[in-house]
Structures are given as C-alpha cells and as structure tokens.
Amino acid sequence: MVITISNEFISCTVDSHGAEIRSVKNVQNGKEYMWNADPSFWNRTSPVLFPVVGKYCEETSFYNKEAWHMGSQHGFARDMEFILVDQTEESVLFELTESEETLKKYPFAFVLQIGYELVEETVNVIWRVKNTDDKTIYFSIGAHPAFLCEIGKDRILIEGKDTDALKRRMLNKDGLATDEVREVSAKDGYLNLTDELFSEDALVFEDSQVSSVAIENAAGDKIITVSFDSPLVGIWSPVGKHAPFICIEPWYGRTDREGFKGEISEREWGNSLEEGKIFESVYSITVHA
C-alpha cells in the first residue's frame with residue numbers, strides 16, 4: 001500500500017512495506033528530494049532501521065546466553081509489511097508488532113509505530129516503540145533517508161558541537177565499529193561533497209556532536225535540512241559509485257564493535273525499555289525551494 005499525504009507546500013509518499021518514505025516533493029514546482037531506489041546504485045530510499053542499527057557482530061546477538069541470529073544488517077522492520085493505523089490529509093501512522101518470524105531473530109514482544117506528519121515545508125518523522133513484553137526489551141532504531149544531490153558540486157553544512165574538530169568513529173571492512181577515532185574538520189561547519197569523503201564507508205559521529213545536517217548547492221542555497229536530537233548520526237553514500245545522493249541518518253544505536261560477544265543489554269549505544277514503557281522520538285526533514 002502506497003499513501004501520499006500533502007499540504008500546500010510539500011507532499012510525502014510512504015510505502016506500507018517497511019513504512020518507508022518513497023518521495024518528498026515540492027507541490028508547487030514538482031521538485032523531488034528523495035532518491036528513487038535505482039538498484040544500480042542502492043535499491044532503497046529511506047528504510048527504518050529496527051531493532052538494530054548496522055549489524056550484530058557475526059550477525060548474532062545474545063540474550064540470557066542464548067544466541068539469536070539476525071541474518072542481515074539493519075534489522076527486519078525495513079522488509080516487513082506495516083499496518084495502517086491512522087491517516088489524515090497531512091499525516092499517516094503505521095504499526096508493526098512481533099510475529100513468529102521476528103521472534104526467531106529477536107526475543108522480544110513490541111509495538112513499533114512509524115508516523116509522518118507535515119508542518120509547512122517539514123516532514124516530522126515519529127518513532128514510537130512500546131514494550132508489550134513481560135520483561136525489559138533492548139533495541140536500536142535509526143533512519144537511512146537518501147537525498148538527491150550532486151557529488152563534487154554540492155556541500156554539507158553540519159551544525160553541532162565544535163564542528164571544526166568532529167570525532168569520527170571508523171568502521172572496518174565488515175561494517176563493525178573499530179577503536180579508531182579520527183578528527184574531521186568541517187570549517188565553519190562545511191564539508192565538500194566528494195567521492196573521497198565516503199571512501200572508508202560512512203561518517204559516524206557519536207556523543208550528540210551533531211544536531212542537524214543540510215545539503216547546499218554551489219550557490220550556497222540550502223536544498224534540504226535534517227534535524228534531530230539523536231546521540232549518533234551517520235552520513236553515507238555508496239563507496240566508489242559516484243552516486244547522485246547521500247544519506248543523512250539519525251540513530252539511536254550503532255553497529256557492534258568488532259569482536260563484541262556480550263549480551264544484547266551490553267551493546268554500546270543500545271536502548272532499554274521496561275515492561276509497559278514507551279520510547280518516542282522525532283526527527284525532521286525540511287525542504288527548501
């Protein structure tokens with residue numbers, strides 16, 4: 001099921017499969033801001049990452065010393081059909097619950113709600129995780145939206161703490177976190193968009209260093225801004241493909257550190273939720289003419 005919501009400024013199309021944004025457009029001039037999922041570059045547009053961001057070491061988590069095999073990175077929500085819970089002209093809400101399939105990979109009962117709400121030129125993306133289990137559950141959640149841009153011409157504007165000396169967590173060839181942290185200098189908050197910027201996988205910034213990331217064109221006009229209060233953000237484009245998009249990814253969680261074999265409750269940047277409790281967060285996508 002594909003649903004489009006709109007107001008006088010923008011429209012947003014969402015697929016119930018994965019509760020994934022497929023399009024964000026300026027309704028006045030028809031300009032598209034989202035990547036079209038062309039598989040020759042990357043076959044997704046804006047997957048929701050749950051219950052893991054990145055991957056478990058050796059694709060396995062441990063709960064009460066029992067192994068649970070996820071089998072892929074970024075969890076299962078992005079590949080599952082959500083139920084439509086509510087819809088208005090300017091908002092839509094989808095829901096996913098545990099199933100026989102998910103319980104083979106992830107040992108917890110949950111309700112995951114993904115909502116989209118339009119406010120003028122902004123799409124507010126709402127995440128809500130409810131613990132419907134009889135024990136504390138552990139999870140991560142993140143975004144992976146891909147925005148159209150021109151590598152080599154456009155640039156990134158980062159807002160946050162000490163952008164002249166950002167600390168980047170490095171990943172290994174398997175996409176796991178290493179002990180290495182490098183300094184990234186974004187003078188006055190700017191990074192030039194080049195293929196080399198992503199030659200060693202995603203830029204991963206921890207510790208709430210970044211609060212928003214914008215894409216600007218060569219003339220200095222903003223194209224899109226993603227704002228968030230998540231403790232981590234990733235910025236990514238496929239290595240070596242000169243793809244016409246970048247992903248700006250607010251995260252509550254991160255891929256495992258290489259060699260990690262601890263319990264799921266011990267994962268770095270993971271989240272815990274007691275029985276009956278609710279986790280909720282919002283990030284926003286603002287488009288500019």
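**Note on the predicted model: strands, aromatic pairs and cores**

1. Val-24 is buried, since its relative accessible area is 0% (buried means under 20% relative accessible area, exposed over 50%, partly exposed in between, with a 1.4 Å probe and protein chains only). Val-24 sits in strand β3 (helices, H or I with at least four residues, and strands, E with at least two, are DSSP runs numbered from the N terminus). Leaving aside neighbours within four places in sequence, Val-24 is in contact with Ser-11, Cys-12, Lys-31, Glu-32, Tyr-33, Met-34, Val-123 and Val-287 (contact means heavy atoms within 4.5 Å). Val-24 and Pro-244 are separated by 220 residues in sequence and by 16 Å in space, C-alpha to C-alpha.

2. On provenance: this is a predicted model, in which local features need pLDDT of at least 70 and side-chain atom pairs count only at pLDDT 80 or more, while totals for chains, interfaces and linings use all residues. Residues are numbered from 1 along each chain as its sequence is written, and side-chain values use heavy atoms, with hydrogens and water left out.

3. Three strands make up an open sheet in the order β1-β2-β3, with antiparallel pairing (two strands pair if DSSP finds at least two bridges between them). β1 (2–6) and β3 (20–26) are the edge strands, each with a single partner, so one side of each has no neighbour in the sheet. On average, neighbouring strands of this sheet are turned by 20° against each other, direction ignored (axes are lines fitted to C-alpha atoms, for helices over the stretch in contact, and angles run from 0 to 180 degrees between N-to-C directions).

4. The antiparallel pairing of β1 and β2 runs over five bridges. Ser-11, in β2 (residues 10–15), is the bridge partner of Ser-6. Ser-11 is buried, at a relative accessible area of 11%. Beyond four places in sequence, Ser-11 touches Thr-4, Ile-5, Ser-6, Ser-23, Val-24, Lys-25 and Val-27.

5. β7 (residues 83–87) and β8 (residues 91–97) are antiparallel partners over four bridges. These two strands form a hairpin with three residues between them. Asp-86 has Leu-93 in β8 as its bridge partner.

6. A search of the whole structure gives 19 aromatic pairs (rings of Phe, Tyr and Trp, the last by its six-membered ring, pair if their centres lie within 6.5 Å; planes under 30 degrees apart count as stacked, over 60 as edge-to-face and the rest as tilted). Tyr-106 and Phe-110 are edge-to-face, because their ring centres are 6.1 Å apart and their planes stand at 65°. Both Tyr-106 and Phe-110 are buried. Trp-236 and Phe-245 form a tilted pair, with 6.4 Å centre to centre and 55° between the planes. Trp-236 is buried at 15% relative accessible area, and Phe-245 is buried at 0%. Ring pairs also link a cluster that includes Phe-50, Tyr-63, Trp-127 and Tyr-283.

7. The largest nonpolar core has 72 residues, of which Leu-112, Tyr-116 and Ile-246 touch the most other members (a nonpolar core is a set of buried Ala, Val, Leu, Ile, Met, Phe, Trp, Tyr and Cys residues joined through side-chain atoms within 4.5 Å). Strand β9 (residues 110–119) gives the most to this core, with five residues. A second, separate core of 15 residues includes Val-53, Trp-236, Ala-243 and Phe-245.
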